Amino acid sequence: MSLKLYFHPLASFCWKALIALYENGTPFEPHIVDLADAGARAAFFNLSPIGKMPVLRDDARDRTIPEASIVIEYLALHYPGPTELVPADSELAWQTRLRDRFYDLYVHEPMQKVVLDKLRPAGKGDPHGVELAKARIKASYDLIEREMATRTWAMGDAFSMADCAAAPALFYANKVAPFGDAHVNVADYLERLTKRLSFARTLEEAQPYFKQFPG
Ligand SMILES: N[C@@H](CCC(=O)N[C@@H](CS)C(=O)NCC(=O)O)C(=O)O
């Protein structure tokens, strides 16, 4: 099989790539990476020296692709399917990328900050940083609330890379900074995402690992 995905089933950025692959039924060989295992960690860093997942390996083109958004861009370019993850229309494409960046930078990364803080050694936490991260997430919810009042998916009627970004970001953000009464549209959007088959499958496969999630 040409494509191999290096990932962990609990890792939120890996979900983004998995959703894209499942969305188009793109065949790939799954490689679960356990960074806690010294041998697996060394092998993974050999493939991708920054050590962040997901990483896509395409043996047919001899390419190693890090970064979830770039993995999706690569899939859209070389392995397109019925779901146009990045629209061919360049006007819609930049808008899709803008929303993808929004979900990564202003929901996903602050959510990671809150989660990773829980894993820090005692006395090494960053409560101020966590407070700022939660405020950023809440501000993002307010923006999403307005935007999703009139949309089914992040770009409107068509599911895209922006929804692949939104799904893991909102799923985990809701755990660390729960949606409030003012975020009904955000909650409804997450509900739609969890019912989308590509994300439902990703969540089902993560189920056995959820006990490792730190709160
Ligand atoms: N900017 C990267 C972020 C990837 C990322 O943060 N991956 C996490 C898992 S969700 C990871 O590999 N963490 C391991 C580590 O930092 O050691 C992307 O979009 O793919």
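Helices here are DSSP runs of H or I at least four residues long, numbered from the N terminus. By that reading, K118 sits in helix α4, which covers residues 90–118. Keep in mind that this is a predicted model.

**K118 and its partners**

What does K118 touch beyond its sequence neighbours? Leaving aside residues within four places in sequence, K118 is in contact with V176 and P214. The residue is partly exposed, at 47% relative accessible area. P178 is 60 residues away from K118 along the chain, and the C-alpha atoms of the two are separated by 17 Å.

**Around the ligand**

Now for the ligand. The residues surrounding the ligand are A11, S12, F13, L35, G51, K52, M53, P54, E67, A68 and Q112.

| Residue | Atom on the protein side | Distance to a ligand oxygen atom |
|---|---|---|
| K52 | N or O atom in the side chain | 2.8 Å |
| A68 | polar backbone atom | 2.9 Å |
| Q112 | N or O atom in the side chain | 3.1 Å |

Two other members of that surrounding list, M53 and P54, are joined by a cis peptide bond, with omega at about 5°. P54 itself belongs to the loop between α2 (38–47) and β3 (55–58).

E67 also belongs to the ligand's surroundings, and its backbone is worth a look: phi is positive, about 75°, although E67 is not a glycine. You'll find E67 in the loop between β4 and α3 (68–78). Is E67 buried or exposed? With a relative accessible area of 51%, E67 counts as exposed, because the cut-off for that class is over 50%.

D62 has a positive phi too, about 55°, and again the residue is not a glycine. Its place is the loop between β3 and β4 (63–66). D62 is exposed, with a relative accessible area of 57%.

**Two buried loop residues**

H8 lies between β1 (3–7) and α1, and T26 lies between α1 (12–23) and β2 (29–32). Why does T26 count as buried? Its relative accessibility is 10%, and buried means under 20%, so T26 falls in that class. H8 is buried as well, with a relative accessible area of 14%.

As for what they touch, again leaving aside neighbours within four places in sequence, T26 is in contact with L3, L21, L75 and Y79. On the same terms, H8 is in contact with C14, I32, V33, M53, Y209 and Q212. M53 in that list also takes part in the cis peptide bond with P54 and is one of the residues around the ligand.

**Where α7 meets α8**

Which residues make the contact? From α7 there are L190, L193, T194 and K195, and they meet L197, F199, A200 and L203 of α8. Sorted by class, this contact has six nonpolar residues, one polar and one charged.

Key. Residues are numbered from 1 along each chain as its sequence is written. This is a predicted model: local features need pLDDT of at least 70, side-chain atom pairs count only at pLDDT 80 or more; totals for chains, interfaces and linings use all residues. Side-chain values use heavy atoms; hydrogens and water are left out. Buried means under 20% relative accessible area, exposed over 50%, partly exposed in between (1.4 Å probe, protein chains only). Contact means heavy atoms within 4.5 Å. Ala, Val, Leu, Ile, Met, Phe, Trp, Tyr, Cys and Pro count as nonpolar, Asp, Glu, Lys and Arg as charged, and the others, Gly among them, as polar. A residue is near a molecule or strand if one of its heavy atoms lies within 4 Å of it. A polar contact is a pair of N or O atoms within 3.5 Å; within protein, one must be able to donate a hydrogen and the other to accept it, and residues adjacent in sequence count only if both atoms are side-chain atoms.
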